Amino acid sequence: MNRRSLGSRLAALAAVTAALAGCASDDGDDAAPPASAAPSTASSRPPGSGGTPARTPDGTLLVTDFGADTVTFVDPAARDGAAGLGSVRVGTAPYGIALGAHGTAWVATAEGVAAVDTRTRERTALIPYRTDTGPVTTGEYRGGGMGIALSPDGGRVYVGVNVPGGNGTLEVVDTRRREVTRVVPVGRRPFDVDVSHDGRQVYATNHDSFDVTVVGTGDWTTRRIEVAPYGTEGGLGSWLKPHYTAVRPSDGALLLPFEGERLAVVDPGTGRVRIEDMTANTHQHGVTAGADGTLYVVGTGPIDPSRDDGPSLTVRTPDGDERIIPLDGPHETVALSADGRTAYVTGGFTRAGSWDGLSVVDLGSGGVTRLPVGERPLAVAVLGEGAPRRA
């Protein structure tokens with residue numbers, strides 16, 4: 001492990017261009033949409049399929065195509081280059097995705113939150129933001145939705161909205177009425193949004209303000225917790241910022257990996273931040289936690305190729321033991337299969353390139369299979385009862 005001091009780390013980072021400052025109600029969500037919902041948008045289907053698409057089987061993956069305006073359905077068992085099962089137009093530059101328990105996927109786009117019926121593969125609504133994010137654009141710094149999550153009862157969608165050049169917001173969507181009901185200020189570029197297990201708090205991970213905003217869902221008050229294990233020197237030009245967060249199942253602690261060197265463990269109640277060592281020595285982004293508390297962390301690759309290691313998936317047990325599985329090429333986020341035996345890691349990396357596909361990782365053997373699919377696929381979710389809701 002190349003254990004660097006903060007001074008030498010910042011000196012190495014100074015050689016990297018600063019222009020690349022970044023590196024992404026009680027009613028259930030299956031209620032019938034109101035008459036005011038946007039017209040449905042039919043899916044594109046594989047050649048020769050014709051007619052209405054067959055019911056989407058459990059275990060199918062849904063990825064957001066950040067390089068297009070679609071989400072793509074993926075057969076993870078395909079090994080012949082034909083993994084794509086068709087796409088649905090959702091809105092410009094889709095980012096995060098959250099799955100409801102009864103077939104609706106909620107997608108954060110530059111234009112609004114899209115609702116997709118995953119059974120019929122149609123967009124059933126596009127809910128505009130209340131926040132003024134400027135012109136609709138594409139690319140890493142575009143305005144609009146980023147992180148997204150569902151309340152435990154499925155009645156609300158929480159989406160982090162980026163405002164270019166300023167602080168973002170957390171918009172609250174009523175899933176039955178399909179409209180924004182509240183706007184809460186958060187930090188800059190809310191990459192990720194997570195919810196406590198009891199639904200009483202929402203956590204916005206704000207990339208460019210080095211913090212997590214804790215939002216109380218009872219009174220909508222907010223608290224800022226700085227999460228900056230390397231400090232905030234360099235400001236917007238720093239690489240050493242928080243990206244994605246996992247909520248630990250055992251106690252609700254927030255887990256934020258940094259650089260394959262440090263894991264920030266945040267108590268959202270007290271605001272206390274404790275640092276644990278990590279071993280991958282690579283710039284880290286996507287993270288998810290299994291039901292047993294095992295952490296899965298995507299290493300995107302080196303910031304400084306002369307010092308850092310390449311892309312990888314870290315598998316970290318609750319007691320801190322780590323296994324590093326090398327990956328080929330840049331990756332961004334990760335989701336788990338319902339049985340916890342397979343990890344799906346997307347290739348839609350947002351810092352220094354991407355590839356149009358995802359890696360299927362057998363967590364027992366460490367074997368990796370690459371599937372070509374989508375256009376800069378960013379977020380990934382696994383469809384079906386018992387599958388994780390978001391990634």
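Predicted model: local features only at pLDDT ≥ 70, side-chain atom pairs only at ≥ 80, totals over all residues.
**Entry 1: F66 and Y95**

I turned to the ring geometry and noted that the structure holds 3 aromatic pairs. F66 and Y95 form one of them, with 5.7 Å from centre to centre and 85 degrees between the planes, an edge-to-face arrangement. I located F66 in the loop between β2 (61–65) and β3 (70–74), and Y95 in the loop between β4 (84–89) and β5 (97–99). The pair therefore ties together parts that are 29 residues apart in sequence.

**Entry 2: F191 and Y244**

I recorded both F191 and Y244 as buried. I also noted that ring pairs link F66, Y95, F191 and Y244 into a cluster.

**Entry 3: arginines over rings**

I searched for charges over ring faces. I found R121 over the face of F73, at 5.5 Å from the ring centre. I found R370 over the face of W355, at 3.7 Å from the ring centre.

**Entry 4: the sheet that contains β13**

I followed β13 into its sheet, which is open and has 4 strands in the order β13-β14-β15-β16, with antiparallel pairing. Which strands lie at the edges? I identified them as β13 and β16, each of which pairs on one side only. I noted an average twist of 20 degrees from one strand to the next. Between β13 and strand β14 (residues 201–206), which run antiparallel, I counted 5 bridges. I found P190 opposite N206 in β14.

**Entry 5: T217**

I located T217 in the loop between β15 (211–216) and β16. Is T217 buried or exposed? I recorded T217 as buried, because its relative accessible area is 12% and buried means under 20%. I found a polar atom of the T217 side chain 2.8 Å from the backbone oxygen of G199. Leaving aside neighbours within four places in sequence, I listed R156, Y158, G199, R200, Q201 and V202 as the contacts of T217.

Terms used
Residues numbered from 1 in each chain as written. Heavy atoms only, no water. Phe/Tyr/Trp six-rings, centres within 6.5 Å; stacked < 30°, edge-to-face > 60°. Helix = DSSP H or I, 4+ residues; strand = E, 2+ residues; numbered from the N terminus. Buried < 20%, exposed > 50% of the residue type's maximum accessible area, 1.4 Å probe, protein only. Lys NZ or Arg CZ within 6 Å of the ring centre and 35° of its normal. Polar contact = N/O pair within 3.5 Å; in protein donor to acceptor, adjacent residues only side chain to side chain. Contact = heavy atoms within 4.5 Å. Pairing = 2+ DSSP bridges. Axes fitted to C-alpha atoms, helices over the stretch in contact; angles between N-to-C directions.
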